[in-house]
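Have it open while you read.

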Amino acid sequence: MLNDELAAIFEEMADMEEIEGRKWQSIAYRKAAASISTAGGNLIDLYRSGRLRDIDGVGEAIEAKIRDYIEKGKIEKYDEMKARYPIDFASLRKLQGLGPKKIYALFTALGVKDIETLKAALNDHSISGLQGFGEKSEESLRKAVEVFEKYGANRRFLAEIYDEIQEIKKKLAKSSLFEDLEIAGSFRRMRETVGDIDILGISSNPEKGREFFTNLDDVAGIISSGPSKMTVRLKNGLTCDFRIFARDSFGAAMQYFTGSKEHNVQLREIAISKGMKLNEYGLYEGDRVKAGSDEATIYRALGLEWIEPELRENMGEIEAAGAKRLPRLVEYGSIRGDLHTHTVDTDGRNTLEQMVGAASASGLEYIAITNHSKGLKVAKGLTDEGFRSFNRKIDSMNEKSSIRIFKGVELEILKDGSLDLDDSTLQEMDFVLAALHQGVVGDANENTARVVKAIGSGKIHSLAHPTGRLIGSREAYRLNFERIFEACKENQVFIEINGYPERSDLPFDLVKKAREYGILFTLGSDSHSTKDLRNLHFATAIARRGWLDKESVVNTLNADHFTNLIRR
Ligand code: DGT
Ligand code: CA
Ligand code: CA
């Protein structure tokens, strides 16, 4: 929490320094922000033990500011600068094409300081007339705001709040005031973003239960409170609905509040067609209660198998449950390896040794290190020679490592669809992920042709983050996925499910489509630090939401079987 708060402050200071033309200060703050947000330890602990300076990028000046923030709750320099720039940098910065300098230009000329004032300026068409902007940039800003509002305005990444919400549940459970507790809603369905949190509980003393809940550290304030329902604002900014039910209704409540709404609407129609009534308290036939205390009985009474929460999107799961043809979903515990990671040798933050150590500690049996290739300059991509020497490092690590390390690459697909490394280098690689990062155009045919050519090269194993979307800031590339899936099938190329929260790519609905082609999938955390390895769990959630069984997910193979599969 504190790490995130301070990282956000330093990001803003970097923006303001950049506006004032102090490039080096800006870089220093940016670096501190990045390492604080990925720092292993809690800042409070590091502060108490006097080890703040151990954090990469934290020198004397930044250490003093962290200390001020912890001791006095404020940083003078920040407040002083913020008075000059009362701007919501964090939101505006998320819009594609808007850096600090442009944000400042909009602020001085038009008073733009947040998304709302930007929208007003867009409505007046006053941006296109500004120096350094124009019709085109006004249009792309309009588009960027649309994308932001669709994904990024009030929703949060599941991965970002997941542990914290589980902690809240644990604290509630420890109070002994609740006989049962569950988190429902989009959180239980493992949707990649959540709008709010829905917690359900059973309690014989609801009043005390409510009181205990509102007194939790995590709660910032009460929005509304009634006898069985309460809504609070959490300190992380999310709203949380908390409802108390009787034991007899708990299954029905779980079913109802897990959603999705579309799934529920369909289910209620089935109930009606059978002369029954379904609501959050139970399933009824006339006055008679058919089911209510547990979910599975409700589904069964409607002639359906119990449906995994991840599938409840009304995308065919109800029909499949009626025909007893639901997939046996890949389990979270079946994933044995991570097939997309980076090290400090390109744009990662941790060394090979640290990444391997963390992967091993997290229980993985193998890891593919997939650093960028030279064409991606912003990520310091490796040259052919660079890969050859890095591969030798992996060879020697493999001799002493407890887990298997695969020599991988996240390879640039070049403008004409050719590949960014020599054949001889690619021969050396165990696992080749190919990716589109640059030169993507508005024309779907042209983009698709590039990708299909790479798939047909016979040199790649998997297609990384296929749509290229960045939730909240960039729409998916224009691509023809039918052609891509066909090409993958024909060439036995896999498709990646990238668990990096902003990416969550391939998205679950496309996973479900790709699955119909009989394609196999590789899961990757796209880790740029050891902390990101947990993204693999969320990649698995997308696989499950896309109906995948164990057999469709390459990462469920053990290291030997994986080696056999990728051998050419
Ligand atoms: P979110 O919070 O936007 O990420 O998505 P959910 O699915 O958690 O939605 P939320 O919190 O508004 O409501 C939780 C569940 O309650 C939702 O998934 C289904 C159920 N629900 C809410 N409103 C309705 C409704 O109008 N009709 C039906 N059938 N179910 C509803
Ligand atoms: Ca919700
Ligand atoms: Ca809700």
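1. Buried here means under 20% relative accessible area, exposed over 50%, and partly exposed in between, with a 1.4 Å probe and protein chains only. On that scale D198 is buried at 9%, while D196 is partly exposed at 22%.

2. Some housekeeping: this is a predicted model, where local features need pLDDT of at least 70, side-chain atom pairs count only at pLDDT 80 or more, and totals for chains, interfaces and linings use all residues. Residues are numbered from 1 along each chain as its sequence is written, chains are lettered from A and ligands numbered from 1 in the order in which they are written, and side-chain values use heavy atoms, with hydrogens and water left out.

3. Both of those aspartates sit on a metal: D196 (O), D196 (OD) and D198 (OD) coordinate the calcium ion (ligand 2) at 2.1 to 2.7 Å. Donors are N, O and S atoms within 2.8 Å of the metal (3.2 Å for Na, K and Ca); water is not among the atoms, so sites may look incomplete. D196 also coordinates the calcium ion (ligand 3), 3.7 Å from the calcium ion (ligand 2).

4. Now the sheet, which is open and has seven strands in the order β11-β12-β13-β14-β15-β16-β17, with parallel pairing. Strands are DSSP runs (E, at least two residues), numbered from the N terminus, and two of them pair if DSSP finds at least two bridges between them. The edge strands, each pairing on one side only, are β11 (337–338) and β17 (521–524).

5. Inside it, β12 (residues 366–372) and β13 (residues 404–412) pair in the parallel sense over seven bridges. Y366 stands opposite R404 in β13.

Definitions and conventions: Helix = DSSP H or I, 4+ residues; strand = E, 2+ residues; numbered from the N terminus.
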